[in-house]
Amino acid sequence: MNILAIVGVVVVAVVLIGLCVWFSGSRKRALAKARQEAEARTEQAKAKADELIAREREAETRAQTKMPGGTGGRPVAGDAGQADDAAASAAEPSGPATPAKPQTETPESVGSRLTRLKSKLAQSSNPFGKALFSILTKDNLSEADWEQVEDTLLLADVGAEASGQMVDELRADARITGKADPSEVRATLREKLLDIVGRDTDRRLNANKPDANKPSVIIMVGVNGTGKTTTAGKLARLFVADGKRVMMGAADTFRAAAADQLETWGARVDVPVVRSDKDGADPASVAFEASARAKEEGADVLIIDTAGRLQNKANLMDELGKIRRVTEKNLPVDEVLLVLDATTGQNGMAQAKVFAEAIGITGVVLSKLDGSAKGGIVVSVQKELGVPVKLVGLGEGPDDLAPFDPEGFVDGILA
């Protein structure tokens, strides 16, 4: 029995050893096969790569030898040096193409702008001065005529208080009452309009005053749709025309295209723009960086564009205050310009008052003061806010922004 048991154990052991040897051989064969397949794939890939390299070299050689002045695709003897230079240039790896720098424009001078804007005012379809003149040149004005005068002023957005004041002054003037002489009426009307518009008001931008800070910081504010970013770009052109070094800060980070729009304006007159690398960044951080750079680089003027605000959104208005505070850590803010759409008339007054309380306004820019505006908004906005209209925009052209000139304005609406 013991012998049979020993024999059984030996047989089992032999079988197990045999199986191990067989499995080991199978594994080795499988590994060898896999290795061979991998080597074959490698050889195939290498062959393809060699073929591709050969084709590229052949194409490169053809490009190098295809020189002007040669025959049969080869350079002539006299062009050997040029062929070598061309071949060396072709052999060098070419980097990404550098975009062409846009051609710098020369903005229109201030004097030319004033002449052109006066002409545009004269062509306006709503010059309330003409309507007043036609009424006041009547003989022996009746109460109905005076009511019509006041209605004309109100419809022109002059405002109730200013309209009543002007009517009282006109009624008390002997040159208007009785038998009216057209030339005297025109002269009187011109004087009264100049008085009510404000002929002696200081409308200079603070950056243009002798004691201006350098850089002089201007913050642009306003609701969406007033043309604020466009006005900022046009204002930069106005300063460039005056020989000033300008920088702009794109602190309108809520509107995706605002920074791009500002950069486009800047590129046309070689004005750098400080912007965030991502949309939705903190606008105050952009204002801080822009003021730091303007100070470091010695700019004359820094214009900071801000996001359009709804005057009834407290958090958005608070953001304007933050932008000002952060900017003033680097530079004092000399000017806050409120951009108002002149076509909104009295509806823009509520907006203007809230902005004045939130950040403090030093001046008003009336955009779109063209044929669709009524003109009297100049009077009412100054009376309501206690700050002057400093700039006006007429039209869509890049230089359709100019300092507000009371005499040019009045002459334009009376023309």
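**Pockets and a buried strand**

Modeller: Helix H8 gives the most to the lining of the largest pocket, with three residues. The model is predicted, so to speak with care: local features need pLDDT of at least 70 and side-chain atom pairs count only at pLDDT 80 or more, while totals for chains, interfaces and linings use all residues. Residues are numbered from 1 along each chain as its sequence is written, and side-chain values use heavy atoms, with hydrogens and water left out.

Biologist: What makes a residue part of the lining of the largest pocket?
Modeller: On a 1 Å grid over the protein atoms alone, a pocket is an open set of points where a 1.4 Å probe fits, with protein on both sides within 12 Å along at least five of seven lines; a lining residue has an atom within 4 Å of a point. The largest pocket has 14 such residues, of which Thr230, Lys234, Ser367, Lys368 and Gly395 lie nearest its centre. Helix H8 (228-241) and strand S6 (363-367) are the elements that give two or more residues to this lining.

Biologist: What volume does the largest pocket have?
Modeller: The value is about 180 Å³, where a volume is the space filled by probe spheres set on the grid points, joined across faces, edges and corners.

Biologist: How do the residues of that lining divide into nonpolar, polar and charged?
Modeller: There are two nonpolar, seven polar and five charged residues. Asp, Glu, Lys and Arg count as charged; Ala, Val, Leu, Ile, Met, Phe, Trp, Tyr, Cys and Pro as nonpolar; the others, Gly among them, as polar.

Biologist: Which element gives the largest share of the lining of the second largest pocket?
Modeller: Helix H8 does, with three residues. This pocket has a volume of about 160 Å³, and its lining includes Lys228, Thr229 and Thr230.

Biologist: Why is strand S1 called largely enclosed by the rest of the structure?
Modeller: Buried means under 20% relative accessible area with a 1.4 Å probe, protein chains only. Six of the six residues of S1 (residues 216-221) are buried, so the strand is largely enclosed. Ser216, Ile218 and Met220 point one way, and Val217, Ile219 and Val221 the other way.

Biologist: How do you know that S1 pairs with strand S5?
Modeller: Strands, DSSP runs of E with at least two residues, pair if DSSP finds at least two bridges between them. S1 and S5 (residues 333-341) have five, in the parallel sense, and therefore meet the definition of a pair.

Notes: Helix = DSSP H or I, 4+ residues; strand = E, 2+ residues; numbered from the N terminus. Buried < 20%, exposed > 50% of the residue type's maximum accessible area, 1.4 Å probe, protein only.
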